[in-house]
Amino acid sequence: MPEGDTVWQAARRLHEALAGQLLIRSDFRVPKYATVDLTGRRVLSTVPRGKHLLTRFEGGLTLHTHLRMEGAWKVYAAGERWRGGPGHQIRVILGTDHRTAVGYRLQVLELLRTTEEERAVGHLGPDLLGPDWDPERALANLRTDPARPLGEALLDQRNLAGIGNIYKSELCFLLGATPWLPVGALPADRAEKLPGLAHRLLEANRDRPVRQTTGLRHQDLFVYGRAPRPCLRCRTPVRVADQGDGSQERPTYWCPTCQTGPAPAPSAPQRWRERHRRTPT
């Protein structure tokens, strides 16, 4: 699933391609909006809100989209071949004289009044890359349920918006805590550093084509995607397990030496997964 920095990049691409331009093509390929036509309206802006995208049009309309696991917005020049996937995966097309934005596999797509945007994103906590970023409020949100596992609390967009599985795993490593450690058990000095650390990581990566958390050449991430290879710090094999209620695949990586706290015992499926998962270096 795209995380806050990649959604920020998608918003920037859409804004640069469409903002200030009149639509000459509007094609919604979902039943609910099959008859909607925005042709002739000017695109005002596209802004990110956590993992959500809000594209605003004159006349007080906003297109709210969320990429979820497989969604993508692609921008093409006039006459350029579309390469985002087969045609049946296209959910919406927005075209101007010079650029065409194509939304593929968008699991969340809704058109609403701009004045009603809070209905779609008002539940979100402070946005790590947004003008509303508030580290004190984010920390207070995380601490409302001290028994909750740290990894689950970080993924809860109501606490702070923009963290996904990758940043969850990397943040827990940098804090020296397993993702299963209860939030309330995280030492106070590390808890107070958490919001600022998360903010710095996303800020540092919002303009990068490849996410980097280590500061090391040829090693982009500390633990995510590295099982069962050795930890970059201590050389202990990195482990992976799913976290959560099982409704979604949440691969979670950690070093059992560098990170303290509870962790699931390795099961046969998890050990198989560690041996056979294909991940980038």
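The model is predicted: local features need pLDDT of at least 70, side-chain atom pairs count only at pLDDT 80 or more, and totals for chains, interfaces and linings use all residues. Residues are numbered from 1 along each chain as its sequence is written, and side-chain values use heavy atoms, with hydrogens and water left out. Helices (H or I, at least four residues) and strands (E, at least two) are DSSP runs, numbered from the N terminus.

**Helix α1**

- Helix α1 covers residues 4-18, which makes 15 residues.
- From first C-alpha to last, α1 reaches 21 Å, close to the 21 Å expected at 1.5 Å a residue; the expected span is 1.5 Å times one less than the number of residues.
- Buried residues of α1 (under 20% relative accessible area, with exposed over 50% and partly exposed in between, for a 1.4 Å probe and protein chains only) include Val7, Trp8, Ala11, Leu14 and Leu18.
- Glycine 20, which follows α1, has a positive phi near 85°.

**The four-stranded sheet**

- Four strands form an open sheet in the order β1-β6-β7-β5, with antiparallel pairing; two strands pair if DSSP finds at least two bridges between them.
- The edge strands, β1 (25-28) and β5 (72-77), each pair on one side only.
- On average, neighbouring strands of this sheet are turned by 15° against each other, direction ignored.
- Six bridges link β5 and β7 (residues 99-104) in the antiparallel sense.
- Lysine 74 stands opposite valine 102 in β7.

**Strands β4 and β8**

- Strand β4 (residues 61-66) runs antiparallel to β8, and six bridges join the two.
- Histidine 66 stands opposite valine 108 in β8.
- β8 (residues 108-113) is mostly covered, with five of its six residues buried.

**Helices α5 and α6**

- The axes of α5 (residues 165-175) and α6 (residues 188-205) come within 10 Å and cross at roughly 130°; axes are lines fitted to C-alpha atoms, for helices over the stretch in contact, and angles run from 0 to 180 degrees between N-to-C directions.
- α5 and α6 are therefore oblique to each other; angles under 35 degrees count as roughly parallel, over 145 as roughly antiparallel, 65 to 115 as roughly perpendicular and the rest as oblique.
- Residues making the contact include Tyr167 and Leu171 of α5, and Arg190, Leu194 and Asn205 of α6.

Conventions:
Contact = heavy atoms within 4.5 Å.
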